[in-house]
Amino acid sequence: MKSSEIRSLFLDYFVNNGHELVKSSPLIPKDDPSLLFTNAGMVQFKKVFLGEEQRPYSRATTCQKCMRAGGKHSDLENVGFTARHHTFFEMLGNFSFGDYFKREAIFFAWKLLTEHFKLPKEKLWVSVYREDDEAAHIWEKEIGIPTERIVRLGEKDNFWQMGDTGPCGPCSEIIIDQGQDFGCGRADCSVGCDCDRFLELWNLVFMQYNKDEDGTLTPLPKPSIDTGMGLERITAVLQGKKTNFDTDLFEPIISKICSVLNVNYGKERKTDISIKVIADHIRASTFLIAEGLIPSNEGRGYVLRRIIRRALRHIKLLEYDGVTFYRFVEPVSETLGAVYPEIVSERKRIEKVIKIEEERFIKTLERAQQIFDEAVNNIKKSGSNVFPGEEIFRLYDTFGLPIDLIREMVRDSELELDEIGFHRELNKQRERARAALKAQEVGMDEVYRELELAPEKFRFTGYTDYEVQTTIY
Ligand code: ATP
Ligand code: MG
Ligand code: MG
Ligand code: MG
């Protein structure tokens, strides 16, 4: 089954079951400073769950553009290393606003997976929130899943919340055991393990509370349902592929990357990681820029800059020199343009924005890598295998490289990063940034708080334009 058919089958199934087909909302949430990017299907319905907004329907279904980079649920650093994580992905979902609740949500999901998508029942597992006897009972007694494939987990896995505040509730997830070939091989590998063997397909959230700033849970006006299943994951399973990147959603993008960069996919792990990162990040960049975001030094624009810069570093790792990332917008636009017309109409502009950012960063990165390599050589020569925290911080601070990128550079150099020293320097810098903020009497926007390292934005002032840098070096 093609991914386009899977998307349609899901939506049609819920429409046939009385759900309103609602368009994806933008990745950049409107009027919600508590959230960096739309990270789930429920985001556009937040006020409906809270009872602050009425809709002419009480059931809805969507295929929602999601971004999990920065902020809660960030998967930026997982991309390329797991089979299942992206920054940009599509989340299929069904929603009930005070209409049906647990039982119907469970039945809808089970029937779709086993009768329409025909997944083998014996490979499916479910998880429920530790205290949720009701859900466990429905799975066992009404659906007929053997007790040993029903796992009770705690808050981390089975209590879903959009952000630090907002609608939330216990959840129940449907997982497929893909077999040992997909796993970490550890004896205790089971549901909840970080590896890809027990692949989480679908999360059914029983929306029951609103969490406020001091952590208090208040019951919602009406218990509701919010579910989410990653289109890329269900597609990988139905197409019998080992990772999401091997599906038809990525194939044209990866082909183009391979032909332009002159590399092979599926031969060597390290190369594959870079290809996956590039393929993931071009989708994210394309969709964010289509919505009008441009790379910058603060807030959302800074996340976009980090994403582009990470991709550029991986292009360089594949030994390609030159401006080329923008060329991968084309296969993204061809793969998903029929569903998201904005990436077709905005294509030229998207390419231009990426190209400018590339030209600017390539110069910075070359210099940073050179100095980094020299440092690595010196450290190795001295017989040490630890990259000192102060030194890595200096590099990071001078070049304005994203922190995850620095970490990867250290990881690739086969040295250990002196985390304690690095954090000490980072904290000192944070203090300086905080003091600078106070001095300027600038209010800290909520959005920056969402960034893992909010004050990073100050580091860049005056360093990001390479015109400025050439005067520094
Ligand atoms: P995981 O444990 O694998 O990180 P999650 O529990 O964080 O997933 P949820 O927040 O429950 O994910 O999101 C609902 C569904 O969206 C998941 O069951 C999965 O199918 C999909 N999904 C979540 N994160 C990603 C991602 N980064 N890339 C692709 N699909 C994702
Ligand atoms: Mg996750
Ligand atoms: Mg999970
Ligand atoms: Mg989950």
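Q: Which side chains meet in a salt bridge with an N to O distance of 3.3 Å?
A: A salt bridge is a side-chain nitrogen of Lys or Arg within 4 Å of a carboxyl oxygen of Asp or Glu. In this predicted model, the pair is glutamate 408 and arginine 313. Glutamate 408 lies in helix α14 (residues 403–412) and arginine 313 in helix α9 (residues 299–317), so the bridge ties together parts 95 residues apart in sequence. Helices (H or I, at least four residues) and strands (E, at least two) are DSSP runs, numbered from the N terminus.

Q: How are the residues and ligands numbered, and which atoms and residues count?
A: Residues are numbered from 1 along each chain as its sequence is written, while chains are lettered from A and ligands numbered from 1 in the order in which they are written. Local features need pLDDT of at least 70, side-chain atom pairs count only at pLDDT 80 or more, totals for chains, interfaces and linings use all residues, and side-chain values use heavy atoms, with hydrogens and water left out.

Q: Which domains does the assignment give?
A: Domain bounds come from an automatic or database domain assignment. Here the assignment gives domain 1 (3–238) and domain 2 (250–472). Their centres, taken over C-alpha atoms, are 30 Å apart.

Q: How much area do domain 1 and domain 2 bury between them?
A: The size of an interface is often given as the accessible area lost when the parts come together. Buried area is that loss (1.4 Å probe), summed over both parts. For domain 1 and domain 2 the value is about 2700 Å², with 60% on carbon and sulfur atoms. Leu36, Leu76 and Phe81 supply 22% of the area that domain 1 buries against domain 2, more than any other three residues.

Q: How many salt bridges are there between the domains?
A: The count between domain 1 and domain 2 is three, and the structure holds 31. Glutamate 232 and arginine 283 also form a salt bridge, at 3.0 Å, N to O.

Q: Which protein donors does the magnesium ion (ligand 4) have?
A: Donors are N, O and S atoms within 2.8 Å of the metal (3.2 Å for Na, K and Ca); water is not among the atoms, so sites may look incomplete. For ligand 4 they are Glu173 (OE) and Glu200 (OE), 1.9 to 2.2 Å away. Glutamate 173 is in strand β7 (residues 166–177) and glutamate 200 in strand β8 (residues 198–211), 27 residues apart. Glutamate 200 also bridges ligand 4 and the magnesium ion (ligand 3), which lie 3.2 Å apart.

Notes:
Buried area = accessible area lost by both parts, 1.4 Å probe.
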